Amino acid sequence: MESKMKIIGGTQLKGKISAQGAKNAALPVMAAAILLKGKTLKIERVPNLLDVVTMADLLRSLGAEVRFRDHEMEISTPEEISWETPPDLVRKMRASSLVLGPLLARCGKAVMPLPGGCSIGSRPIDLHLKGLTRMGASIELVHGAVHARADGLRGCRIYLDFPSVGATENLMMAAVFAQGETVLENTAREPEIFNLVEALRSMGAFIDADGTGVIRIKGVDDLESASATVIPDRVEAATYILAGAATNGEVTVSEVIPNHIDSLLAKLEEAGASMTVKETEVTIHPSGRLKAVSLKTLPYPGFPTDLQPQVMVALCLAEGTSVVQESVFQSRFLHVSELNKMGAKIDIQSNSAIINGVESLAGADVIATDLRAGAALVLAGLAARDITYIHHLGHIFRGYENMEEKLCAIGADIAILPSEEDSKGDSQALRS
Ligand code: UD1
């Protein structure tokens, strides 16, 4: 039995939280260390998360030495590394696919089982494979594993049918040693892409990325030891701003880059939230009941799919009907049935959630089906009357460092109950 989170809801949160380094920036920068030969990459502000530990283990399994302490990581990659990735590690996390491009560039071959990750619909890697094939790789799928080979990748023009974050990162890393110039078109423009560009440049790669969705990479022969710093986690920061909104509290999130969360701030403003935005800090003030707003998830700078579950909690409590359209992932509405157990009134129609605002939510036993769904349930539990128990916490630890400590420091009442602890007494109290 896994541990569960117990939240006694109904408290207005008040205080300051500083954002962690971005999980989705740290993972590709770590994968980039594979490109080094006998050199070291130092990375600062690395969040201490399960996914980061999985990536570190994956790099170790290839032969790299990884040291990680106090959010500083040092990855030393030897002259010779393995090109075969262990299935148990790869299946733990979809971002494992980020090692494919650098491995192929570095070793001329790679074997990688198709990755796992959050249960948010089918998440193919066809765009990664199509791009690598255009660069001259031959790719076969054997018993659910990708077997890729290339006798030196060649620069070429690759148009992505969708601005996939992972495909942009993988292809950019694959192109670092390719012969000639690679031009990636219709690339993702998420801030994490540019964090990777900075890290690769500091290692000596030639990359021209001006934010227009076109990235040009000129192949080089070798890279150097370097240092990189991970940008603030915009999704984590936004989750805590939404915790303020959901509890009508006064929450400041510091060490953020506010324009990375512009789409959320605009929607909160439209909903009537009162906020103060400074250079590296955002405060949400008690704003009373928010008004319903509608939104659609899109690639950056559109509204992030990774915030869709959390914003839905604020909209569950808003006055009126909101429509949230999910256009990035299929079946990213697994949190809806759990929120409805807590008294929300949400109907799903195809890829839209129709949310009829209610005045309050009530505690319940709910299941975190994926990382951001889990975060949404925490927000709902904080806003709800009575006690909420959240099961399958492992998903939350993949992306939020010390979430319960950070929230308790600003007034939340959260405890992680070890698996043995029996909470029957509490559940019975709730039922009676
Ligand atoms: C990254 C983020 C994830 C976020 C997502 C979208 C990391 C580690 N994870 O995931 O938190 O939710 O961006 O912002 O950075 N697709 C294909 N074929 C492909 C690749 C993608 O069809 O080859 C589809 C996916 O199924 C999905 C959509 O494109 O529907 C977006 O995926 P993508 O941008 O690749 O997300 P990830 O890189 O997996």
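**View 1. Residue classes around the ligand in the predicted model.** The shell around the ligand holds eight nonpolar, six polar and five charged residues. Asp, Glu, Lys and Arg count as charged, Ala, Val, Leu, Ile, Met, Phe, Trp, Tyr, Cys and Pro as nonpolar, and the others, Gly among them, as polar. The ligand is surrounded by 19 residues (a heavy atom within 4 Å), and the closest are Arg94, Asp126, Ser164, Asp306 and Val328. The model is predicted, with local features needing pLDDT of at least 70 and side-chain atom pairs pLDDT 80 or more, while totals for chains, interfaces and linings use all residues. Residues are numbered from 1 along each chain as its sequence is written, and side-chain values use heavy atoms, without hydrogens and water.

View 2. A polar side-chain atom of Asp126 is 2.6 Å from a ligand nitrogen atom. Polar backbone atoms also take part: that of Pro124 lies 3.3 Å from a nitrogen atom of the ligand, and that of Leu127 lies 2.7 Å from an oxygen atom of the ligand. The protein buries 86% of the 740 Å² that the ligand exposes when taken alone (Shrake-Rupley method, 1.4 Å probe).

View 3. H5 supplies the largest share, three residues.

Definitions and conventions
A polar contact is a pair of N or O atoms within 3.5 Å; within protein, one must be able to donate a hydrogen and the other to accept it, and residues adjacent in sequence count only if both atoms are side-chain atoms. Helices (H or I, at least four residues) and strands (E, at least two) are DSSP runs, numbered from the N terminus.
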